[in-house]
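Thanks for coming. I will go through one assembly today, chain by chain and then by the contacts between chains. Please have the viewer open.

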Amino acid sequence: MEKVQKPSFIERFLQLDRRIIYTLVVLAVAIPLLFPMGLPIKVTSEVQSVYDTIESLPEGSHMLLAVDYDPASMPELYPMMKAVMRHVIEKKHKLVIPVLWPNGPNLVAQAIEELKVDYPDWTSGEDYVFLGYQVGTAIVIISMGSSFSRTFPHDFYGSTTKTMPLIKEYDKFAQTDYMVMLEAGSTGDSWIIFATEPYDVEVAAGVTAVVAPQYYPFLQAKQINGILGGLKGAAEYELLIDKPAMAVSAMDSQSIVHALIFVVIIIANIFAFVLAGQKRRQAREEA
Amino acid sequence: MTHLAIILLQNDLAPWQEVMSTFLTEGGMPVLGTWIAAGLTLCMLSFVYKDNPFFRFGEHLYLGISAAYVMTIYWFNFLKPKFVYPLIPVLDPHYGTPEGTSLNLWIIVPGILGVFILMRLIPGQGWFSRITFAFYIGGFTGVALPRIFAGFLLPQFFATMEAIPWRVNSIDSAVLLLNSLILFIGALSVLVYFFFSMEHRGFIGRVSRVGIYMLMIAFGASFGYTIMARVSLLIGRMQFLMFDWIGEEIVARIASLFHGG
Amino acid sequence: MQFFRKQFPVLLAFVMGMLLFVQYFVPSKLSKGFYEGFADWLIVIAGFAAIFAIASLLHYHMGKIRKRVLGYGFSVITIVAFIQMLVLGFVFHYRPGTPAGWEYQWLFVPMQATMFATLAFFIASAAFRAFRARTWEALALLLAGLIVMIGRVPIGEFISPHLSTFSDWILNNPNMAGYRGILLGVALAQIAIAVRIIFGIERTYMGGGD
Amino acid sequence: MKNFIRLATSVVVVLTLLLCSAAFSQEADVELPDEPFAAEGDELEALEGADMVIGLEPVMEEAAPAVEVPLPTHVTVSDLPNDDGTGLVVEFEKAPGETEALTYTVSVGAGPDGPWQEIGGFPATKKWKEEARHYYPAFFLFQKGRAGMSKNFHMFVIQELGDNVPLETGVEYFVRLTASVGDVSRNYAEILSATPEEQWFDTGRTNVLIFAVLFGATILYFIARARRDPNLFIRKISGLDAVDEAIGRATEMGRPILYLNGIDTLAALPTLAALNILGRVARRVANYESSLIVPCKDPIVLTVAQEIVKAGYTDAGRPDAYNPDSIFFLTEDQFSYAAGVCGIMMRDKPAANFLMGYYAAESLILAETGADTGAIQIAGTDAVHQLPFFVTTCDYTLIGEELYAASAYLSREPLILGSLKGQDMAKVFMMVMIIVGTLLVTFGIAFIKDFFLALG
């Protein structure tokens with residue numbers, strides 16, 4: 001069997017070095033971040049209902065934002081968290097933020113600092129209370145049913161929670177008007193079992209794309225009233241509050257990377273098909 | 001991500017700790033941190049190109065730090081509260097209060113089993129650890145066995161036994177019928193594929209072929225589903241490098257060069 | 001002594017296995033206490049094993065340094081990083097605003113996130129190589145993969161609004177059926193291995209047995 | 001084949017019997033649709049423990065309120081079934097004329113006259129006995145269908161007296177039930193009492209026991225049979241046939257073999273399966289005189305892996321070739337472990353990589369890096385979400401159950417092969433049950449399914 005002198009373009013493409021693919025991926029991520037294209041994003045009903053609920057609450061309503069993720073899920077949940085917090089501030093609702101994942105608090109602190117640039121009047125203790133982290137997931141949730149200030153005697157910054165004006169009017173889980181939980185795992189199950197169901201509080205879940213399928217059954221059972229799923233959910237929310245930020249610009253990157261992979265796979269398959277045809281013809285000619 | 005908890009003490013910080021805290025969280029240290037983080041991000045990313053000394057440096061640093069991190073957690077969450085305190089309750093800061101640990105000498109038994117593991121360090125005495133393995137694995141298997149039924153086998157088993165909506169009078173109901181047939185036949189054919197004690201020929205062979213197709217569709221779908229989540233992670237790192245490290249303004253200026261404005 | 005080396009471990013595994021199996025069906029206080037005690041004991045054993053692991057880690061890298069294996073300098077980095085983080089961790093836990101917390105935030109977290117992020121590259125190159133319609137099975141994998149992949153991003157809407165509906169359908173039906181079959185099989189296999197271990201038929205884990 | 005027929009016959013017989021009794025119970029249901037208590041009273045363990053069943057006529061404690069506050073007619077307080085003796089349960093049929101505005105409050109006292117401590121309250125739309133399946137396994141057995149089951153009985157579990165003080169076993173507690181609408185409240189006429197008791201068998205777990213005994217016995221039976229007749233057939237598993245090829249190739253090339261046990265602890269069954277395979281692989285590696293690298297993530301897995309590899313070398317007659325330093329601890333953190341293993345793959349260039357056990361997101365990092373170095377890769381996992389990545393990037397993948405079958409396949413030990421056969425029989429049994437069960441459910445006979453669901 002004699003070999004073709006030089007591998008054809010098709011053959012070379014099929015053996016494409018992975019580093020070229022890596023370079024293309026980097027470019028597909030970076031360029032849309034530099035030059036946002038604003039590809040249209042359709043808002044899904046499960047995101048819309050979260051927005052509608054927060055929008056319809058009267059000013060000064062009590063909201064709980066449970067933060068149950070850590071830096072590993074930051075790319076997806078951090079933009080989501082910021083978008084929801086921004087919406088809450090704009091609607092002048094009161095916000096309490098507990099964290100049940102040990103490495104979560106720093107992310108919340110960072111988001112608060114960033115938001116304070118835009119909303120310098122947003123004050124700790126009056127408009128929001130950042131409770132920080134407490135160990136013991138389910139036990140913490142149960143205990144929050146009777147008192148926030150006893151479960152978290154000090155907030156993240158070390159101040160006593162008991163004397164804060166907001167905590168004086170909002171110290172029990174039952175006083176919650178609406179809750180949003182940000183989940184990278186199954187801590188949300190505990191919130192539903194031990195808090196939102198017993199106290200009949202409406203809740204929405206912001207989740208990473210990987211755990212989203214775990215939460216859709218809750219939506220079907222009406223145990224949660226909305227889902228923000230992954231980066232796409234965050235982008236939809238940013239669009240709803242009319243503040244396109246990290247997630248919206250990231251969606252362009254997402255689309256471009258997906259399109260890139262899609263096109264490369266299709267071309268590879270066509271080429272492989274053509275090559276197989278050529279080989280078959282060659283074999284026939286030789287025979 | 002490790003979900004082992006870190007106990008953040010809620011005590012008021014001593015004055016010198018406050019000074020240290022200010023030093024580390026304000027001013028230059030976070031900037032230095034951002035630069036170090038960016039450098040390490042590039043080190044770790046470089047390995048997708050090929051092995052190189054930068055990656056090797058990052059890898060070895062990461063190994064050392066993470067091993068130490070986990071070991072301190074072992075101490076604070078495992079050995080201290082579960083072994084040291086029950087043995088010497090006075091050491092517990094809550095000693096004397098209702099939350100304090102009470103003396104429990106039974107804890108010596110797992111202590112001895114633990115020492116058996118350390119006997120491996122003595123040549124010729126490694127077999128002691130077999131007793132520990134037997135205790136650990138035997139006990140754990142006993143724990144797992146009923147829970148495989150309760151949490152795993154029976155729920156899936158009953159979920160498969162759903163009524164087939166065989167009355168078709170519209171397109172929607174036809175889709176429902178199709179779905180339920182796919183679930184039913186799909187799950188069974190995959191089970192047939194896993195038959196070990198008979199040859200996959202004839203009828204069984206054909207059904208197991210269907211099983212293979214079901215598996216392939218499932219794998220393809222999961223693969224495609226995960227791409228988005230993984231790309232999000234890279235976008236997150238790129239945003240860190242471009243906006244936190246290089247800086248939003250500089251990036252915007254670079255971008256404007258290409259806009260021609 | 002031979003008894004303790006050979007028969008005793010098998011017997012112990014059987015006794016522990018049966019006790020904890022029965023425990024599952026007994027809700028009384030005694031049984032609950034036994035279960036919780038057992039869980040604590042396992043934790044203590046794991047703690048001692050961690051000491052052994054540290055010994056192994058140090059031994060491995062010290063060995064490289066002693067033998068001056070090519071690149072032994074990197075082992076020095078590991079050991080130094082390990083020891084300093086261990087000391088800082090013991091003193092400060094990992095509270096924010098302490099040196100340990102600072103290292104955690106600026107060294108550990110970014111490296112972890114980056115290793116995680118490399119998956120974006122690998123998933124692209126794996127898709128490129130694996131998604132080829134060489135056989136009918138591979139075609140099934142390819143089609144399911146492409147539809148779900150493109151159905152999940154805005155650009156999918158661009159191509160056809162039905163794409164995301166169809167990708168959800170694939171995830172909820174054929175995908176679920178496949179996984180249900182795997183899970184049922186795995187559950188049975190786990191039951192079989194558990195029975196073998198409790199009854200002492202599988203004892204590879206004890207090493208130098210038969 | 002004979003066994004299949006025998007097994008299938010017995011399954012059919014059992015199902016027929018169940019079917020017959022189902023037919024009877026359906027009739028009973030038609031006769032007494034509204035009185036599950038009266039009809040099946042003795043079936044209900046829930047009622048057996050009741051110390052008091054009283055009061056049909058509610059008594060008004062206050063002057064006739066302007067707002068109508070309905071009260072239930074039939075309240076019981078009894079020991080909470082299937083617990084460790086720290087719970088009581090208050091149960092009653094929903095009051096006629098219950099509205100959403102109605103709230104029930106439960107208070108507990110040490111004596112019939114108080115002092116009363118409020119334990120908790122719930123709106124009339126919550127806390128249904130029908131939702132507390134675990135405590136009342138038999139309650140649903142003869143109720144019609146599950147899906148459309150109406151919620152008729154309230155239940156409230158008392159397990160602590162506020163601030164984490166548990167109820168004490170054997171102490172009598174007195175319970176008062178109050179119903180209120182807005183500011184108007186009425187107490188239930190009688191003060192009820194009951195004593196928490198410990199139980200020694202959890203009836204809510206009966207179905208697990210039945211299945212565990214059934215499947216356990218099947219597996220043990222086939223193991224026993226294999227002792228007599230050790231020639232058992234096992235189908236080809238290509239991933240395992242490739243093990244020798246991979247080791248042989250590594251030997252020829254003079255490169256090491258990398259073996260990973262996954263990232264889970266020893267307390268996970270996939271890790272045990274991986275360690276079993278490691279034992280077989282180590283024996284072959286010793287025979288071929290090539291070298292084996294096993295970086296570990298879990299300290300206990302490390303110690304066991306060392307023991308297993310040592311045994312493998314000893315069995316192969318080459319105990320001197322065993323090098324404990326080649327089985328070492330990397331770190332216990334997921335991604336630094338992945339980084340470390342990738343480093344080993346790129347620098348030591350193993351010619352064969354075995355990726356067995358449980359994996360999470362790092363699976364693809366490991367498999368792609370390994371593929372890049374050109375090693376033969378054999379993976380095996382039951383982590384369904386990682387299977388797609390192994391299947392697409394490794395040369396051979398053991399899917400789910402195949403991982404567990406591997407030790408039987410490689411060792412060809414009759415007893416373990418026997419258990420594999422037993423496992424297949426359990427599978428046949430289960431499939432027949434699924435087929436028959438689905439057909440019955442389809443034609444409106446949900447009895448078998450409900451029977452087992454009711455038990456757990």
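How many helices and strands are there in chain D? Chain D has 13 helices and 15 strands. Before going on, please keep in mind that this is a predicted model, and the values I quote are computed from it.

Staying with chain D, 49% of its 456 residues count as buried. Take the contacts in chain D with a separation of 6 or more: 73% of them are accounted for by residues 24 or more positions apart.

Next, chain A. Its secondary structure consists of twelve helices and six strands. Of its 287 residues, 47% count as buried. For contacts in chain A between residues at least 6 apart in sequence, the share that joins residues at least 24 apart is 73%.

The C-alpha trace of chain A spans about 90 × 35 × 35 Å along its principal axes.

The domain assignment is worth a look here. Domain 1 of chain A is made of two segments, 9-35 and 251-286, and domain 2 covers 45-244. The centres of these two domains of chain A, taken over C-alpha atoms, are separated by 42 Å.

One backbone detail in chain A. Which residue there has a positive phi although it is not a glycine? That is D200(A), with phi of about 60 degrees. D200(A) sits in the loop between α9 (187-199) and β5 (203-207) of chain A. The cut-off for exposed is 12 or fewer other C-beta atoms within 10 Å; D200(A) has 11, so it is exposed.

Now chain C. It has ten helices and zero strands, and read along the sequence the pattern is α-α-α-α-α-α-α-α-α-α. Chain C is more spread out than a compact globule, because its radius of gyration is 26 Å, well over the 17 Å that the globule rule gives for 210 residues. Along the principal axes, the C-alpha trace of chain C spans about 70 × 50 × 40 Å.

Of the 210 residues of chain C, 58% count as buried. Among the contacts in chain C between residues at least 6 apart in sequence, 19% join residues at least 24 apart.

Chain C is assigned domain 1 (2-118) and domain 2 (120-172). Over C-alpha atoms, the centres of domain 1 of chain C and domain 2 of chain C are 40 Å apart.

Let me zoom in on one helix pair in chain C. Helix α3 (residues 29-66) of chain C and helix α4 (residues 72-92) of chain C have axes that come within 8 Å and cross at roughly 145 degrees. The crossing of α3(C) and α4(C) is left-handed. Which residues meet there? From α3(C) they are L58(C), H61(C), K64(C) and I65(C), and from α4(C) they are Y72(C), S75(C), V76(C), T78(C) and I79(C). By class, this contact of α3(C) with α4(C) has five nonpolar residues, three polar and one charged.

The loop between α3 and α4 of chain C holds R68(C). R68(C) is a residue other than glycine with a positive phi, near 50 degrees. Is R68(C) buried or exposed? R68(C) counts as exposed, because it has 9 C-beta neighbours inside 10 Å.

Last, the interfaces made by chain B. In the one with chain C, 104 residues of chain B are in contact with 101 residues of chain C. On the chain B side, at least two residues each come from α1 (15-25), α2 (28-45), α3 (53-87), α4 (108-118), α5 (128-160), α6 (171-193) and α7 (202-259) of chain B. α7(B) gives the most to this side, with 24 residues. The side of chain B that touches chain C has 72 nonpolar, 26 polar and six charged residues.

In the interface with chain D, 47 residues of chain B are in contact with 51 residues of chain D. Which elements give two or more residues to the side of chain B that touches chain D? They are α3, α5, α6 and α7 of chain B. α5(B) gives the most to that side, with 14 residues. By class, the side of chain B that touches chain D divides into 33 nonpolar, eight polar and six charged residues.

That is what I have. I can take questions now.

Notes
Residues are numbered from 1 along each chain as its sequence is written. Chains are lettered from A and ligands numbered from 1 in the order in which they are written. This is a predicted model: local features need pLDDT of at least 70, side-chain atom pairs count only at pLDDT 80 or more; totals for chains, interfaces and linings use all residues. Two residues are in contact if their C-beta atoms, placed from the backbone, lie within 7 Å. Helices (H or I, at least four residues) and strands (E, at least two) are DSSP runs, numbered from the N terminus. Ala, Val, Leu, Ile, Met, Phe, Trp, Tyr, Cys and Pro count as nonpolar, Asp, Glu, Lys and Arg as charged, and the others, Gly among them, as polar. A residue is buried if 20 or more other C-beta atoms lie within 10 Å of its own, exposed if 12 or fewer, and partly exposed in between; C-beta atoms are placed from the backbone. Domain bounds come from an automatic or database domain assignment. Axes are lines fitted to C-alpha atoms, for helices over the stretch in contact, and angles run from 0 to 180 degrees between N-to-C directions. A crossing is left-handed if the near helix is turned anticlockwise from the far one by less than a right angle, and right-handed if clockwise. The radius of gyration is taken over C-alpha atoms; the globule rule is 2.2 Å times the number of residues to the power 0.38.
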